[in-house]
Amino acid sequence: MASITLSHILKTYGTGAKANTVIHDLNASIADGEFVVIVGPSGCGKSTLLRMVAGLEDISGGTISIGERVVNDLEPAERDIAMVFQNYALYPHMSVFDNMAYGLKIAKRPAEEIKARVDKAAGILELSHLLQRKPRELSGGQRQRVAMGRAIVRQPQVFLFDEPLSNLDAKLRAQTRLEIQKLHRELGITSLFVTHDQVEAMTLAQRMIVMNGGHMEQFGTPEEVYNRPASTFVASFIGSPPMNLLQRAPGTPDGQILGIRPEHLDITPSGGWTLSVDTVELLGAERLVHARLGDETLTLRLDESLPAPQPGTTFHATPRADRVHWFDAHTQKRIA
Ligand SMILES: Nc1ncnc2c1ncn2[C@@H]1O[C@H](COP(=O)(O)OP(=O)(O)OP(=O)(O)O)[C@@H](O)[C@H]1O
């Protein structure tokens, strides 16, 4: 196992007038054994960053270290990493056993050792009864487990996951998420996991890197990112529905933005803000009330058991004082 240190990482595609910098001076230290999720919208540079750690993409500037070694100029095979991809990348003509054993065969490990390592990984992943099948005879979730098994048998210092769950349906995704958590608890291997899904990020991460346009907006635990978002971008990217961001709510100083999450607004008989209801959505255990405050819109999340205001009516609500966030309207950064 090993730590990963990203120091002043820069990535530019193309040269001269066509140069396009997609990662800007990124710094992060991932501890030995830590599970870190890189999350952000499409095109923010998260796959590029992961691929640079893997050695599948050149590094334009800065250094990447795995443990004590600077790996900038090492081939992927020399970095002691294993990567799990979205499309599984299994060999269709090989059995599950051979797919999992492939890397060890290439590394010329003895046959007994290969069998022992594959059997152990198959046991952990509940694949023991499927070892003689071909990938086409497996479900999507089982294929993903084989891809993970192939990574485990190599006993790498670092696991890299590139959106490994995005081809699975919602139920399998949730189940595989739990399996990955369990696997990490058992093996404790330093892991970097890329996703655009904030729920996946919040549930899997010990710490998460939130990226936007090639910049790291925040690096923190899910609790820190949720409770103290570093910018309006993080505030609206993490959390569903997103945090309400209001520039003209009563009491908002000039040049500042008030942030309040939908669940942190309380309906009151009078006082506070006067809101007019646009629409109400029932989600099961809770209701979303979409309302207007002057010319701005906001959302409240209410327990389903509470009486909900009706569309077309007005009501009063008060933001919980200890849950209000302030951002600079110019820089969009959190005001301490
Ligand atoms: N080979 C390439 N040549 C030029 N530009 C590239 C290349 N690969 C990626 N880019 C650009 O780099 C930026 C980051 O891409 P990257 O694939 O890392 O984003 P991402 O956050 O992983 O997005 P997604 O979730 O859609 O995969 C994008 O603007 C993309 O267009």
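Where is L74 found? L74 sits in the loop between β5 and β6. The views below come from a predicted model.

**Figure 1. The whole protein chain, with its helices and strands.** The protein chain has eight helices and 18 strands. Along the principal axes, its C-alpha atoms fill a box of roughly 75 × 50 × 35 Å. The chain holds 336 residues, and buried residues make up 36% of them.

**Figure 2. Domain 1 and domain 2 of the protein chain.** The domain assignment places domain 1 at residues 4-234. Domain 2 covers residues 242-328. Taken over C-alpha atoms, the centres of domain 1 and domain 2 are separated by 39 Å.

**Figure 3. Helix α4 packed with helix α5.** Two packed helices are described by the angle between their axes and the distance between the axes. Helix α4 spans residues 140-153, and helix α5 spans residues 170-187. Their axes lie 11 Å apart, at an angle of about 20°. Angles under 35 degrees count as roughly parallel, so α4 is roughly parallel to α5. The crossing of α4 and α5 is right-handed. On the α4 side, the contact uses G140, G141, Q144 and I152. On the α5 side, these residues meet L172, T176 and L187. Sorted by class, the contact of α4 with α5 has three nonpolar and four polar residues, and no charged residues.

**Figure 4. Helix α2 crossing helix α4.** Helix α2 runs over residues 96-106. The axes of α2 and α4 come within 8 Å of each other. They cross at roughly 30°. That angle makes α2 roughly parallel to α4. The crossing of α2 and α4 is right-handed. From α2, the contact takes in V96, N99, M100, Y102, G103 and L104. From α4, the partners are V146, G149, R150 and V153. By class, the contact of α2 with α4 counts six nonpolar, three polar and one charged residues.

**Figure 5. R79 in the loop between β5 and β6.** The loop lies between β5 (69-70) and β6 (81-84). Is R79 buried or exposed? A residue is buried if 20 or more other C-beta atoms lie within 10 Å of its own. R79 has 20 other C-beta atoms within 10 Å, so R79 is buried. Which residues does R79 touch, not counting residues up to four places away in sequence? They are G55, I66, V71 and L74. Look also for V158: R79 and V158 are 79 residues apart in sequence, with 8.8 Å between their C-alpha atoms.

**Figure 6. L74, in the loop between β5 and β6.** How many other C-beta atoms lie within 10 Å of L74? There are 15, so L74 is partly exposed. Leaving aside neighbours within four places in sequence, L74 is in contact with G55 and R79. Q181 is 107 residues from L74 along the chain. The C-alpha atoms of L74 and Q181 are separated by 29 Å.

How values were computed. Residues numbered from 1 in each chain as written. Predicted model: local features only at pLDDT ≥ 70, side-chain atom pairs only at ≥ 80, totals over all residues. Helix = DSSP H or I, 4+ residues; strand = E, 2+ residues; numbered from the N terminus. Buried ≥ 20, exposed ≤ 12 C-beta atoms within 10 Å, placed from the backbone. Domains from an automatic or database assignment. Axes fitted to C-alpha atoms, helices over the stretch in contact; angles between N-to-C directions. Parallel < 35°, antiparallel > 145°, perpendicular 65-115°, else oblique. Left-handed = near helix turned anticlockwise from the far one by under 90°. Contact = placed C-beta atoms within 7 Å. Nonpolar A, V, L, I, M, F, W, Y, C, P; charged D, E, K, R; others polar.
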